[in-house]
Amino acid sequence: MASLLYRLGSAAARRPLAFVLAWVLVLGTVVGAMLSLQRPLTNEFELPDSEFAQVLADLGEQIPEVAGGTGTVVLYSEDGFTAEQRDAIDATLAEWEDLPHVTGTVDPFATQAELDSSDADLRDGRRQLIEGREEYEKGARQLEQLRWLIGEGERDIARLQRTDPDNATLPARIDGQAELEATLADGEARLADARGQLEDGERQYTDGATLRGLGDGVRLVSEDGTTALVQVRFDASMQEISPDDLALVPETGEQLADAGVEVDYGQELVFSTEVGGIGEAIGIGVATVVLLVMLGSLVMAGMPLAVAFTGVGVSLLGALALTHWLDLQQMAPVLGAMLGLAVGIDYALFIVNRHRRQLADLDHAGSEIDREDIRHGIGLAAGTAGTAVVVAGATVVIALAALLVSGIPVLVQMGVLAAATVLVTVLVALTLTPALLALAGRRAIPRRGKKDTPRTDGWPEKWVDAVTRRAPAAVVAVVLLMVVLAIPALSLRLGLPDGGSEPPDSTAYQAYERVGEAFGAGANGPIVVSADVEEPVARADVVATQARIGSELAQVEGVRDVLPIGVSEDRRTLAFQVVSSDGPSAETTVAIVDELRGPMTDELAADGVDVGVTGATVANIEVSQKLADALPLYLVLVIGLSLLLLTIVFRSVLVPIIATAGFLLSVVASFGVIVAVYQWGWLGTVFDVHNPGAVLSFMPTLLIGILFGLAMDYQMFLVSGMRESYVHGQDARQAVRSGFASGARVVAAAALIMVSVFAGFVWSHMTMARPIGLGLAVGVLLDAFLIRMTLTPAVMSMLGDKVWWMPVWLDRILPHLDVEGSALVDKQRAPHPVADDARQESEKDALV
């Protein structure tokens with residue numbers, strides 16, 4: 001591999017303009033393709049074989065009007081809505097109903113009036129029932145009196161028949177008694193009918209009152225009259241509808257501002273895909289400063305930036321062009337940009353730094369450096385540092401491609417795009433970097449310091465000396481710190497961000513807050529419940545059935561309101577809206593969904609009712625659970641890959657174990673920091689976390705994959721130097737020191753660059769990018785400086801020669817990779833005579 005990369009780097013050095021123009025042409029092509037083919041990104045989170053999707057599909061067939069997506073629009077008027085404002089709202093509702101995919105709108109004022117009138121109807125019904133009960137009881141008393149009269153008459157007739165059978169009044173008495181009995185029979189029949197009607201009325205009132213009581217907290221206009229909640233209904237889920245079509249809702253609603261109505265839109269109607277805010281710009285700025293300090297000139301510092309932007313531009317613009325045929329999730333380009341910028345700068349830096357070190361060695365030796373020396377040095381840098389770049393890049397690509405095991409299309413798409421970005425960036429680094437170095441020519445030679453001899457008392461030498469001299473203390477300190485940082489990870493709770501996680505100045509956040517204040521936090525994410533019964537419900541029994549099932553649903557702890565929202569034509573499916581007392585991402589809401597899917601489902605099934613749950617809140621919970629379930633398998637896969645790859649590279653059994661154990665420490669410590677910030681709210685003012693909640697469900701899987709690849713990068717560049725020193729005859733402990741000293745500066749600079757780039761996304765416009773940015777920034781910082789530059793040299797110095805032990809049989813079966821470029825020592829020589837000592841020293845140093 002090293003020889004192949006040497007030839008590739010030399011070719012780029014000999015024809016730099018051709019390579020530069022080739023990448024300019026590629027970049028121009030993808031820009032043109034993107035401009036002509038790009039379609040809007042999607043926010044859809046598809047989950048194959050998901051329960052919520054199946055329930056939603058069934059509801060779509062039975063009750064189409066409740067199965068489509070619903071967008072929330074919050075209207076606010078400080079002094080209440082005037083007549084003119086109401087007219088403007090009515091006109092806007094009518095315009096919204098004419099938009100693509102919109103099936104209708106829910107007028108909050110009309111609906112609230114119906115809810116209020118239903119309360120009045122219930123009061124009237126109760127009054128009528130009371131009056132009817134009084135009339136019934138009055139009639140019952142009258143019949144009781146009539147029965148008494150009939151009884152007295154029967155006794156009088158019997159007495160006369162016994163004592164005076166010839167009494168002339170006896171026939172009339174008997175006829176009168178018969179009339180009374182007929183009147184009694186008629187009265188009893190009438191009373192029985194009245195009793196039936198009264199019981200039916202009381203039952204209907206009880207069922208209606210029960211239903212109204214279950215949804216008593218449901219309102220669309222706040223009690224003070226200042227806030228109204230509009231629901232815009234669509235013919236498909238919100239994720240399936242084009243963002244351009246969704247954007248028409250806010251555009252049409254702009255006219256409400258002229259009427260003095262403040263309008264805010266729910267997160268489902270507005271979402272940001274913006275990349276390149278002030279945070280990202282600061283991150284790139286800090287990376288540029290690090291490059292300037294490391295490389296000493298604008299020309300040299302600009303090379304890694306040019307490589308990174310070229311790689312990211314080609315890959316992401318190409319991906320955007322593919323949206324003409326494929327749906328691309330909004331988060332995928334953000335992750336690709338985040339990772340592509342970081343690794344692009346780092347990989348180019350490694351090659352640039354190797355070339356400059358070689359030139360510096362020749363310059364210090366007093367050799368005359370000409371064009372051929374520069375070309376040879378570029379080829380040698382591409383063959384040595386470039387080989388490590390290929391292995392490091394392959395590690396990141398494999399780790400990201402392993403996201404296929406998650407089985408979640410969105411996560412797979414994000415991983416594949418990020419892997420493709422890294423792959424393209426590696427290719428750019430291996431071809432464009434040598435071309436730019438050739439164009440720079442002698443400007444790549446570092447300025448001579450006051451001394452012509454290399455420094456031996458720099459911070460890397462001092463640091464590794466301190467670490468190896470006090471190795472046990474260093475190991476204990478690092479492990480203890482990592483464990484303390486990891487403690488919050490024990491309470492990790494996964495979820496997807498809701499409107500409360502958006503920036504405070506965003507319309508999505510304002511809508512979330514106003515809904516919570518006026519209608520309760522649960523109104524931001526109601527749960528849709530479908531109830532299928534075995535036999536069609538009689539029309540007269542629909543309300544009673546809704547009341548019975550609704551009462552069961554309301555018994556679940558944490559449920560605030562239950563509202564019937566639809567009945568299928570065959571009356572075998574009933575739909576309910578369940579509102580929790582807390583927000584959609586709260587633990588209580590997750591517990592409600594679990595209860596509705598578990599014990600509650602079993603209880604209702606015993607009564608012949610099949611319950612299903614769906615809706616955006618349920619979808620978020622199910623996606624998070626699916627990701628959590630896939631995490632152990634993915635972690636095992638990554639760990640297995642780590643052990644295998646490092647065993648092949650370093651020809652050691654213990655080095656891979658040390659590297660993997662360190663990787664796990666940095667991962668759990670990163671998890672702990674993320675939980676403390678985004679779930680517990682620590683340092684919330686610093687990181688703009690104003691509403692702590694569940695951690696982004698994609699974060700652990702992505703963090704493990706990306707951090708694994710980056711950790712192996714630094715392991716490669718540091719430990720390969722230690723191995724090379726050991727192979728060339730140094731004792732194990734001295735090899736640790738010399739190998740560390742040769743690579744620590746560039747690894748430290750690369751780590752600072754990555755931390756800067758990732759940290760820039762902590763304040764990104766896109767909420768989902770923030771925890772990923774913080775996790776990667778913290779993970780790289782901890783892994784590079786505490787694990788790779790402290791724990792690893794400390795442990796390796798303690799183990800001595802044992803660290804490089806490997807069974808002979810294992811060494812035979814594993815493939816050999818020329819990671820350090822040892823083959824170049826024999827195969828690649830300078831094209832013309834130079835100072836042999838300088839040349840040998842250059843090549844030896846290049847191998848470290």
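Predicted model: local features only at pLDDT ≥ 70, side-chain atom pairs only at ≥ 80, totals over all residues.

A polar atom of the Thr433 side chain is found 2.8 Å from the backbone oxygen of Ala429. When residues up to four places away in sequence are not counted, Thr433 touches Val307, Ala348, Ile351, Val352 and Val428.

## Thr614 in strand S9

Thr614, which is placed in strand S9 (residues 609-614), likewise counts as buried because its relative accessibility is 1%. Its side chain reaches the backbone oxygen of Phe52, and the distance for this pair is 2.9 Å.

## The kink in helix H12

Helix H12, made up of residues 371-401, has a kink of about 35° that is centred on Gly386. The helix is mostly covered, with 25 of its 31 residues buried.

## Helix H15: Ala471 and Leu480

Helix H15 spans residues 471-486 and includes Leu480; Ala471 is found in this helix as well. Is Ala471 buried or exposed? Its relative accessibility is 3%, so Ala471 counts as buried. Although Ala471 and Val795 are separated by 324 residues in sequence, their C-alpha atoms are 6.7 Å apart in space. Setting aside neighbours within four places in sequence, Ala471 is in contact with Ala794, Ser797 and Met798.

Leu480, by contrast, counts as exposed because its relative accessibility is 55%, where the class requires a value over 50%. Leu480 is one of the residues of a nonpolar patch on the surface, the others being Val479, Val483, Val484, Ile487 and Leu490, and together these residues have about 570 Å² of accessible area. As a general point on such spacing, an α-helix has 3.6 residues a turn, so residues three or four places apart point the same way.

Terms used. Residues numbered from 1 in each chain as written. Heavy atoms only, no water. Patch = residues over 30% accessible without salt bridge, like charges linked within 9 Å, V, L, I, M, F, W, Y side chains within 5 Å. Areas by Shrake-Rupley, 256 points an atom, 1.4 Å probe, with all protein chains shown as cover. Salt bridge = Lys/Arg side-chain N within 4 Å of Asp/Glu carboxyl O. Helix = DSSP H or I, 4+ residues; strand = E, 2+ residues; numbered from the N terminus. Buried < 20%, exposed > 50% of the residue type's maximum accessible area, 1.4 Å probe, protein only. Bend = angle between axes of the 7 residues up to and from the residue. Polar contact = N/O pair within 3.5 Å; in protein donor to acceptor, adjacent residues only side chain to side chain. Contact = heavy atoms within 4.5 Å.
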